[in-house]
Amino acid sequence: MAAQPLSRMLRRLLRSSARSCSSGAPVTQPRPGESARAASEELSRRRQFLREHAAPFSAFLTDSFGRQHSYLRISLTEKCNLRCQYCMPEEGVPLTPKANLLTTEEILTLARLFVKEGIDKIRLTGGEPLIRPDVVDIVAQLQRLEGLRTIGVTTNGINLARLLPQLQKAGLSAINISLDTLVPAKFEFIVRRKGFHKVMEGIHKAIELGYNPVKVNCVVMRGLNEDELLDFAALTEGLPLDVRFIEYMPFDGNKWNFKKMVSYKEMLDTIRQQWPELEKLPEEESSTAKAFKIPGFQGQISFITSMSEHFCGTCNRLRITADGNLKVCLFGNSEVSLRDHLRAGASEQELLRIIGAAVGRKKRQHAGMFSISQMKNRPMILIELFLMFHDSPPANPSIASWDPLHVQDLRPRMSFSSQMVTLWKGCRVPQALLLAQQWLGSGCFQRHYTSRADSDANSKCLSPGSWVPAAPSGPQLTSEQLTHVDSEGRAAMVDVGRKPDTERVAVASAVVCLGPVAFKLVQQNQLKKGDALVVAQLAGIQAAKVTSQLIPLCHHVALSHVQVQLELDSTRHAVRIQASCRARGPTGVEMEALTSAAVAALTLYDMCKAVSRDIVLEEIKLISKTGGQRGDFHQA
């Protein structure tokens, strides 16, 4: 029994001297004449002493495999001010009624109980925890819990710069910030909101206030941001960051696909090609991260290998969802409601028995990536926010002619991969963006942008060669009567309810003649409004999905594939646009393709109109269409 008061006394002493520097917290300043290294060694000695003299760990928090759970993640809210594609389904999530969410007092009651049993680290998650109005007060209340050494938060960073001074004063000692790209435009596609500069401001505020390292969580997805690995790693040269590359994980609604996952070893190989001297750091006890450091750099990089090399054997984490359910495994679908028992008046001992039973049922390891992807589990947003600039050379050094924009003597403003694809499901928001920079014919360099959306990565997509018009083929059936008027000549929508579902594809094109001045600015990416090709490309994609809202008698079509290509034609000082749409249904997608091409052309006009009034839009036309009762059509 004497060990318990001694343990508490030592934990209080440790907390007052420095709130967990190992978690990324700012530590107290060393006394005059005392080096930071000496202070760090003293802290390590205190921790070692605490471990050796600590009280026996709670049986309620120890599972049948002997794993002691000392780390609790508490979700403060299901709401979020972003819409990250790997975290939230495209269609959103049904939010729990407020009455069914944990109150502040219930959160603190559960936190006290867990800390009393041995939890010494609590991380606040969401949704986005920093949108909860009383988050600063919750941190201040947690800071008073005897035995709690670390209070962390995982945030998307939007509100961080504004709140961090208050949070630090309240006792926040560790910060994880989610950031999946260093390209502002790509950021908006991933999170479906603006805010990149606010996140960067939050990161720099954390560094300014002394958090070291500041952890930056980057979920790596193939075709989206794997081309930025080197850019992220380079950030650690001059900043005290721990950039943590996270393998893409399956959750309900995020359409996880093995092909999208970039494994730890693949990421490591990419970074080692650039920095062969990369050193592996010793792994901390119960750490989820494999840490590495580039010699001479301030910060470090880490890899969270949940999919390819799980760390279940040393897992010490438990989670409480915003609605009060205890999850003993992030990837498990079994939960127990602590909220219901709390509200039913359960005593501490009764709650501990419920917690102990849940922890005791924890499996040795999760089911593996392929099984997990088939399991029914909460979307990430309802569990917690995901464990959440600089041009880089090509991964293959043999590509001597590599140029980020494929234009000679240009000043690249942004770092992108050699391709940038837009995956599109139905007619929802784009799931991923890929900017294609390809070599075009005639021995010249061109900026070439393409977006591609398809559920099958091996499907054919439009290539530069597809610009050559095909000869007419198939039956050319037309109607001698207008289909969108009734017998009395009034506008009417066609009834397609009895038509069979068939695969429909349509390709349309447009040409925007810019003139030499505007063309040069677009080619060199020097327009004051920004990157005209990227903006036009995205406008074309957006237009395809809302065609039925723009053209009154068009049916709403669930698109399964959208692609928009923009090519520079230096001989005409023009931009050629080609839009392709695909869907399976009872009606065609010609209008979607035409609307996409037309709106992309209009957007280019808008981006360049301040430079030239001589811009001409021309040749907006249907190139081809397949499927439907009237047969296929190809423009001669």
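With which residue does lysine 186 form a salt bridge, and how far apart are the closest N and O atoms?

Guide: The model is predicted, so local features need pLDDT of at least 70 and side-chain atom pairs pLDDT 80 or more, while totals for chains, interfaces and linings use all residues. Residues are numbered from 1 along each chain as its sequence is written, and side-chain values use heavy atoms, without hydrogens and water.

Lysine 186 pairs with glutamate 228, and their closest N and O atoms are 2.7 Å apart. A salt bridge here is a side-chain nitrogen of Lys or Arg within 4 Å of a carboxyl oxygen of Asp or Glu. Lysine 186 sits in helix 6 (residues 184-191) and glutamate 228 in the loop between strand 5 (214-220) and helix 8 (229-235), so the bridge ties together parts 42 residues apart in sequence. Helices (H or I, at least four residues) and strands (E, at least two) are DSSP runs numbered from the N terminus. The whole structure has 21 salt bridges.

Now the helix packing. Helix 4 (residues 135-143) and helix 5 (residues 160-170) pack at about 20 degrees, with axes 8 Å apart; the axes are lines fitted to C-alpha atoms over the stretch in contact, with angles from 0 to 180 degrees between N-to-C directions. The two helices are therefore roughly parallel (under 35 degrees). Their contact (heavy atoms within 4.5 Å) includes Val135 and Val139 of helix 4 and Leu163 and Leu167 of helix 5.

Helix 3 (residues 104-116) and helix 4 have axes that come within 11 Å and cross at roughly 25 degrees, which makes helix 3 roughly parallel to helix 4. Here the contact is made by Thr104, Leu108 and Ala111 of helix 3 with Ile138, Gln141 and Leu142 of helix 4.

Notes
Parallel < 35°, antiparallel > 145°, perpendicular 65-115°, else oblique.
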